[in-house]
Each structure stands twice: as structure tokens, then as C-alpha cells.
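Student: Please take a close look at one part of this model. Start with the surface charge, then go on to the backbone.

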Amino acid sequence: MPHWSRVLAGLTTFLLLSATPLAAIAQEGDGESAIEPEALAVIDAMAKKLTEATTFAYKTETSYDVVQDSGIKVEFGGARNSTIQRPDHFRLDSQRRAGAAGIIVFDGKELSAFVPEHKAYATTEFEGDMQEAIDYLVSELRVKAPLAELVSPDVATAIRKDLTRALHLGPAIVAGHDTHHLLLSNDYADFQMWIDEGDEPVMRRIVITYREERGEPQFRAQFVEWDFSPDTKGLFDFEPPEDAERVLFYIPGPEDALDEEDAS
Amino acid sequence: MKVYHSRLVTTLAAAFVALFLFAQYAEARRGGGGGHRMSRGGPAASGSFNRSAARPQRSRSSSQNRAGTTRNYGAGSAGSRDLSKAAGNRSTGNNEQRQSDRQDRNDQRQSDRDDRYDQRQDNIQDRQDLAKEVHDDRQDFAKEVHNDRKEWYEDRWRGGSYMSVYAWGNTGCAANPVLIGADRYYECRGVRYRRVYRGGDVVYVVVN
């Protein structure tokens, strides 16, 4: 009988000791799927800053994984300068690591793309606001427009849409800037964002993991510079050089695989 | 023996040329590349937050939408025709009266025939007008579609095989354009190409 008593006492002690970490794990599990107000507040502050800005520019260094048929992930990337003038002007200057530089300009009436190295440009009439022009670029002309959500007329909604998780992971220093480190998810991807603390809450870094895609490839962007009073004189007036050839926009046929397209 | 060697050399040369041309064709078909051929795109290249932008579905833009033309052809005007006849006073009192009545009936029948003839003519004209209207509408619509297509293709090229600028450089073909009208074409070993803007770069797309 004393033997059974000792066994019972041991079991009770074990259960009591293990209860605390189990509870902590359960709490952590809940936390991982939570929407934290602190995280949303940081997003909203950045969204307010970007939505209220009529003209702004930013420079990014971007990279992304491409999962090959073999399963190997290969990184590509480049640098990009984006200049935005709401509601219907933008200019994107990009330089790929392994490829040509490119310029895309929208002046509210015409959408033009220029590849200086090959002295070729394509242009088409398009009337609409910036969001419509970007949608057209992406869906019809199949040109990549990374982080287009940041120039949306409603940045907060564009980012917060369909979120299933929004966590504030704490402070972090990125490229010398004090930032908030956030972890967000929707049903397709996970995002880590580093957004500056202080009066100018701009994005400093973002990593998107495409969780639902094969090999879970990532897109990464480091924001090198933000400018909220850029000189835009003549920036949106696209004048091709005299010796440049006007070419057509290539619209992929149904047989073209999207994955084969180069990113700009 | 000499003839045999000569034939062998000719056959080998022909096979070499055929293989070279086939390789060039295959390069054009698969889009050409540079260095190691590998995929350079994919969902992560989009840098988008949502699936819809990472894997976009093609949609015609608003500028391409043609306003629907609503035509109400109606039923055509049948016109109203009073076929009632005034009831005749059929007095059979005397021959003169009968004669008069006969004459009246003849007049009435003639008048009815004339009316029916006129009505048939009206109906034929109505049908002809309607047919012409339908025909004109169809022509307008076809012209509209044609113009839209023409306009659409003025600055776009749909699908097809292409090769990169790098691959073009490896063909050894000159990049001297041949002007046909206002369009520039590039020729390489009997294949005609156009330069197009594809996803941020220039490629040579096969025209024929």
C-alpha cells in the first residue's frame, strides 16, 4: 500500500510540474494566430503616412527565390527606384542584377516602357488612376509590380485585407534604424515587416514567404531610401530617344507559362 | 573511291547544316536564354501580398471594353387597317338597285384589293427596312470589333515563340531591321522576327 501511495504522489507531482509549461505552450499557440492591436497600429501609422503623401519616392534592393523544376531555389533580384505622384503618375526605374535596366512611366494617359540598353520602347494609351494602371500592368501586360500595395489609394486596407495573423514581435534595428518587427499572415503568404519607429513610420524591410507555393519561395526588399519631397520635374514626361525603336507589348498566349516570365 | 568520299563529305556537311538549323529553330521555340537555362520568374518575383496579383489572370482592360450596342428592332409597324365595310343597304327592290349594289360591291372589292396591295407593299418595305437596319447594325458591329482588334494589335503582340537578345546574339545574325511599311522586322536564316517588350525586357518573337 505504501508503494501505491508513493506512485500516486509521484504522478500528482509530475502533473503539477508539467501543467505550467503546457499552459504556456497553449498560450503561445493562441498568440501565433492572433491579431494584435499593437501590430495593426504600426501598420495603420505607416499606411496613414503613405496615403496622405501626394508625392514620394523610395529606393529598394529586392531579391526573390525561383524554385526550379529540380526543387533548387535560385535567387534573382535587382534595384528599383519608384516615384509616385497621386493620383495618376508614377515612374519605376529598375536595374536587374543579371539583365537590362528598365523604365516604366505612367502619366495618366499613356503607359510607356523603355529598355535603354536595347533602345526599345513600348507605349500604349491608358486612362485611369495609378491603381488601375498597375492592375493593367500586372494582369494584362504581365509586368511585375512588387509591393504595389504600398502605392494603393488605401494602403491600410491593401495590407490588412484577409489577415489571419498580425503579431508585434518587438523592436529591431535594421540598417541603423529602430524598427518595429511585425509578423503577418493571410491564407497565401507570411510577411515579416520592419517599420521605422518615430515620426516617419516607413517600411525598412519586408520578407514575404509564399507558404502555399511549391518550395515556399521568398521575396525580400530592403528600403534604402525614402523621400517625401522628390524633384519630379520632367520625371513623368516620357520622350524616347530619336534612335529608339518602338516595339509592341508582348501579351503572353494561353500556352505561355507564367513561371517562365522574367521579372522586371 | 573518290566519288564515295565526295558523297560522304557532302552527306556529312548536309547533316551538319540541318542539325545547326534545327538547333537554331529549337532555341527560338524555347525562348532562348543565356548561360544556364532556368526559370527566372514565379510567384515570389511578384512581391505581392495576395495570390491574385502573384498569379494574375488575364483580363481585358476597361479601355478594351466595347460599349454594348442595344438595338431594339421592335416588331415592325404593321399599321392598322380598317377592313370593316359599311353595311350595304341591300334592297332588292329593282334591277337598277341591284346594278347599283353590284357596282358598289365591285368598287368596294377593288378598293379592298388596292388596300391589300398597298399593305403588302408597306410590309415588304418594312421588312426591307428592317433587314437593312439589321445588316447595317451587323456591319457597324463588325467594323467596331475590327477597329478594336486593329487598335489592340497596334501596340500589342499576342503570344508565340521568342528568343532573348542574348540568344539572338549567339545566332550570328545581324540585327539590321527590314522595314515593311512602318514596321521593323529582323531576319535570321529564313525566319522573320519582331522585337517586343516582354515582362521588362526585349525579346525577338517569331513572326512567320
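Tutor: Arg98(B) sits in helix H3 of chain B, residues 95-154. Helices are DSSP runs (H or I, at least four residues), strands likewise (E, at least two), numbered from the N terminus. The model is predicted: local features need pLDDT of at least 70, side-chain atom pairs count only at pLDDT 80 or more, and totals for chains, interfaces and linings use all residues. Residues are numbered from 1 along each chain as its sequence is written, chains are lettered from A and ligands numbered from 1 in the order written, and side-chain values use heavy atoms, without hydrogens and water.

Arg98(B) is partly exposed, at 37% relative accessible area. The term covers values between buried (under 20%) and exposed (over 50%), with a 1.4 Å probe and protein chains only. Arg98(B) belongs to a surface patch of positive charge, together with Arg102(B), Arg105(B), Arg109(B), Arg113(B), Arg116(B) and Arg120(B). Patch members have over 30% relative accessible area and no salt bridge, and like charges are joined within 9 Å. A salt bridge is a side-chain nitrogen of Lys or Arg within 4 Å of a carboxyl oxygen of Asp or Glu.

Now the backbone of chain A. Most residues other than glycine have a negative phi, and most peptide bonds are trans. The Arg86(A) to Pro87(A) bond is cis, with omega near 10 degrees. Pro87(A) lies in the loop between strands E2 (73-85) and E3 (89-96). Leu147(A) has a positive phi, near 55 degrees. Its loop runs between helices H3 (130-139) and H4 (155-160) of chain A. Leu147(A) is buried, at 3% relative accessibility.

Conventions: Patch = residues over 30% accessible without salt bridge, like charges linked within 9 Å, V, L, I, M, F, W, Y side chains within 5 Å. Areas by Shrake-Rupley, 256 points an atom, 1.4 Å probe, with all protein chains shown as cover. Lys, Arg positive; Asp, Glu negative; His and termini not counted. Charge placed at Lys NZ, Arg CZ, Asp CG, Glu CD.
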